[in-house]
Amino acid sequence: MKLAYWMYAGPAHIGTLRVSSSFKNVHAIMHAPIGDDYFNVMRSMLERDRNFTPVTISSVDRNVLARGSQEKVVDNITRKDVEESPDLIVLTPTCTSSILQEDLENFVERASIETKSDVMLADVNHYRVNELQAADITLRQIVQLYIEKARKKGDLPEGKTEKPSVNIIGISSLGFHNHHDCTELKRLMADLGIQVNEVIPEGASVHNLKNLPKAWFNLVPYREIGLMAARYLEQEFGMPYVDITPMGVVETARCIRKIQQIINAGGADVDYEDYINNQTLYVSQAAWFSRSIDCQNLTGKKAVVFGDSTHAAALTKILAREMGIHVVWAGTYCKYDAEWFKEEVSEYCDEVIVTEDHGLIGDAIARVEPSAIFGTQMERHVGKRLNIPCGVIAAPIHVQNFPIGYKPFCGYEGTNQIADLVYNSFTLGMEDHLLEIFGGHDTKEVITKGISADSDLGWNKEAQAELNKVPGFVRGKVKRNTEKFARDRGFNVITVEVMYAAKESVGA
Amino acid sequence: MTLANTEPQALNFECETGNYHTFCPISCVAWLYQKIEDSFFLVIGTKTCGYFLQNAMGVMIFAEPRYAMAELEEGDISAQLNDYEELKRLCLQIKRDRNPSVIVWIGTCTTEIIKMDLEGLAPKLEAEIGIPIVTARANGLDYAFTQGEDTVLASMAARCPDKAPVMEAEKKERNAIASLLNFGKKKEDVVVEESEYVKHPPLVLFGSLPDPVVTQLTLELKKQGIKVSGWLPSKRYTELPVLEEGYYVSGVNPFLSRTATTLMRRRKCKLIGSPFPIGPDGTRAWIEKICSVFGIEPKGLDEREAQIWASVEDYLQIIRGKSVFFMGDNLLEISLARFLIRCGMTCPEIGIPYMDKRYQAAELALLEKTCHEMNVPLPNIVEKPDNYNQIQRIKEQNIDLVITGMAHANPLEARGINTKWSVEFTFAQIHGFTNARDILELVTRPLRRNNSLKDLGWDKLVKEEAKI
């Protein structure tokens, strides 16, 4: 048993549902107790989905516990087949059904005799894999199902597309800025003269999966979802894949160069160097931003980074390599992928932390007192408590991280968005600097009085002036500590002497 | 068919497939840990439970809540680890970090299936670590959403002291709460205060409500000379009310049937079966019933109720004549429907997860009476509804307002159907005369919002679905 009240990655079935419900016309049936369909709420609320989430529960209740599901699961599958006519029904086990050990495979076989739709059992173990791993597994499983089906029927298309083409693998529902990234990647491919063959799973039809082998290569933008499917396709069809996340100027260039190498090996003759150069220097603003005097002020500022492998690694590299920011530590909660992460970021930060424990991360932030945090919603709240700004770069996320406006993290527009995010997260450099020089906004005594109205203590002029010399980001804390000290000792007016006595008493 | 109207209709009860969306009952920790200030709730379950709590509770999770998951790992499921030792380790950690007055173990689906004997382990561990441990099986196998509170309160009922602490002879208070409330007052004041009440057997109310609502309802009864001796739950575990044999109890929420049963059978209390104090009509009926049991003539209720109705007339104008459909997920549905019908709405269907016809008998009777008086058809009460079928019915019946869970709200809105999230009724203050306006504020909000958008032609925001 483990004492916990926050987790970074969800349970396995969430991963399966994210993949299955990303496809068009695929319905998931959860073998679960009532109340476990919280995924539907997340889809409907976070993604503001206009459609009913294609997920229903085949409920596990007392009767099921006593007698087994018997006909119930099969009935629910055949019923959904009639009501919604999906192409595929994915029977999704949950933690509950994992321990009931019912023969779900058998239900699937029985149901598929009667249904027009295909029926599949998601092959995930709740106690061994998390949301992200399960999503990866499920995507591979669905791809494999339809490739094998087509192969059996003999209608697997022969050969490759005439022009260089790509499958984009891993764009999914409830993924961090996935929709925007997808648009940006399509745009990038268009710029490079590469046809997009298929995008999976988001918005894809399972009928098109047999066309996957027609692409020249696969692009897997995220480390967490899609690699298994890409490896399967490599193994079956010798399809090469690119798993360099095009996030940040340098990595985007590296990704494009890798693509160039692959398609030239496949018979194309392209040279993307001019494109990369032009984008980097003149179109994307990120390289120019790095050179500008704004970014100069960020030099050597301390930051920490935490998130899933993809985003934490990409952000660490951007901060250290492209902006000259000092990343004190970088971390990920993808423990199963720790080796890769360490290798990617080791040279760009002082320390690497791999943990699923939010308490440990909170302490690590408090310990290093960075000027900015780049993390998940949990780190944002730690930042609030410690009064340190935070840019959210990875799931778990809230509704505000599903913006309506166009905010990709990938590709060249992504580099612009990230530059904005980073810059806005640090207390605006020049403003901060000026505030320190001129002792804050509050130069008029009368305003100062107003702001401290909640306290029964008066600050005399000298002490107030001294307080104003304290850098903005710790001034509130110094003020509170001093007032507490004064109240404890029975001082009515805070003088410079009291102020320094207070400072000494806390050993600062 | 011409004869159909000669007899008064009776309510029609149906039961569907149970394919409906609701919250898991473990969600009760979210409001109960806030209500019982010295408690700590430990949910013994899996990542699935944790993920639900984390997401459903939103920002509350960041406020260092007094609840946590005991997350079961593979070793726990296969009994490679010893349940008792594991729970002891975690509970000692909780004791060290938070030092609560009670730890509430919430059993989940997983502990049911692997048959972890929480009720058996608790007394042993309690003796060993010196903190009371209350167990409640709030799992999705058996219960829906608010019923979680019912399981917790039923267990708490067993912990209420059965004898008023012995006081000095001159003190007349019957229980600890009253003495606490009177703390610091002079003896004479207490006597004066006592004289404001009619002499009646002790009354304890059950159901967790926000403190302001507790005060409002307590004062409402005080106006009739009725003294509330205690409240289950109270603000602190250490202040649980005394329950002696023969005490009277009354429920304030419709989902507390197990608690009611426990109070009657185990604690030998007498249950006052009444409609629930939701809406001015319900509040009045609730007070009248309690008065009648104690042989008190209620005073001033006519004016009080009329005054509330008059004060919400602006809201009534918006909903009068409109139809409302409850998809059902929190068991407040019967009371809310009864109130909204009194407000002038029609209600073809009330979905509800579970219908205890005995515990809700008075509420059902009031619903029936209200329908007759308002001259509207009686609603179908659908237990364990099937959401898919319900959506077909909503489309056919052209419903003006659907009260539903968050899984269906946005998809229905996109199809031009007004919705209100049912969960809000669980967290908003809806009890008593004072809060009638708050219920109507919630109910009318979608109608007011959509009214201001109505000229934009943005009703249907999905393309017609192809029928196959």
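B:Leu453 lies in helix α20 (residues 436-453) of chain B, where helices (H or I, at least four residues) and strands (E, at least two) are DSSP runs numbered from the N terminus. This is a predicted model, in which local features need pLDDT of at least 70 and side-chain atom pairs count only at pLDDT 80 or more, whereas totals for chains, interfaces and linings use all residues. Residues are numbered from 1 along each chain as its sequence is written, chains are lettered from A and ligands numbered from 1 in the order in which they are written, and side-chain values use heavy atoms, with hydrogens and water left out.

**View 1. A nonpolar surface patch at B:Leu453.** Together with B:Leu456, B:Trp458 and B:Leu461, B:Leu453 forms a nonpolar patch on the surface, with about 400 Å² of accessible area in total. Patches are made of residues with over 30% relative accessible area and no salt bridge, like charges being joined within 9 Å and nonpolar side chains (Val, Leu, Ile, Met, Phe, Trp, Tyr) within 5 Å. Accessible areas come from the Shrake-Rupley method with a 1.4 Å probe, and for residues only the protein chains shown count as cover. B:Leu453 counts as partly exposed because its relative accessibility is 37%, given that buried means under 20% relative accessible area, exposed over 50%, and partly exposed in between (1.4 Å probe, protein chains only).

View 2. B:Lys35 forms a salt bridge (a side-chain nitrogen of Lys or Arg within 4 Å of a carboxyl oxygen of Asp or Glu) with B:Asp211, and the closest N and O atoms are 2.8 Å apart. This pair links distant parts of the chain, since B:Lys35 belongs to helix α1 and B:Asp211 to helix α10 (residues 211-222) of chain B, 176 residues apart. B:Lys35 counts as buried because its relative accessibility is 8%, whereas B:Asp211, with a relative accessible area of 29%, is partly exposed.

**View 3. Two salt bridges in chain A.** The side chains of A:Glu251 and A:Arg321 meet in a salt bridge of 2.9 Å, N to O. The pair links distant parts of the chain, with A:Glu251 in helix α10 (residues 249-265) and A:Arg321 in helix α14 (residues 309-323) of chain A, 70 residues apart. A:Glu251 is buried, at a relative accessible area of 5%, while A:Arg321 counts as partly exposed at 32% relative accessibility. A:Glu184 and A:Arg187, by contrast, both lie in helix α8 (residues 178-191) of chain A, 3 residues apart, about one turn of the helix, and the closest N and O atoms of their salt bridge are 3.8 Å apart.

View 4. B:Ser335 is placed in helix α15 (residues 333-342) of chain B and counts as buried because its relative accessibility is 0%. Leaving aside neighbours within four places in sequence, B:Ser335 is in contact (heavy atoms within 4.5 Å) with B:Pro254, B:Phe276, B:Ile278 and B:Glu363.

**View 5. Surroundings of B:Arg284.** B:Arg284 is found in helix α12 (residues 279-293) of chain B and, not counting residues up to four places away in sequence, touches B:Leu301, B:Asp302, B:Glu305 and B:Phe433. The C-alpha atoms of B:Arg284 and B:Glu220, 64 residues apart along the chain, are separated by 9.8 Å.
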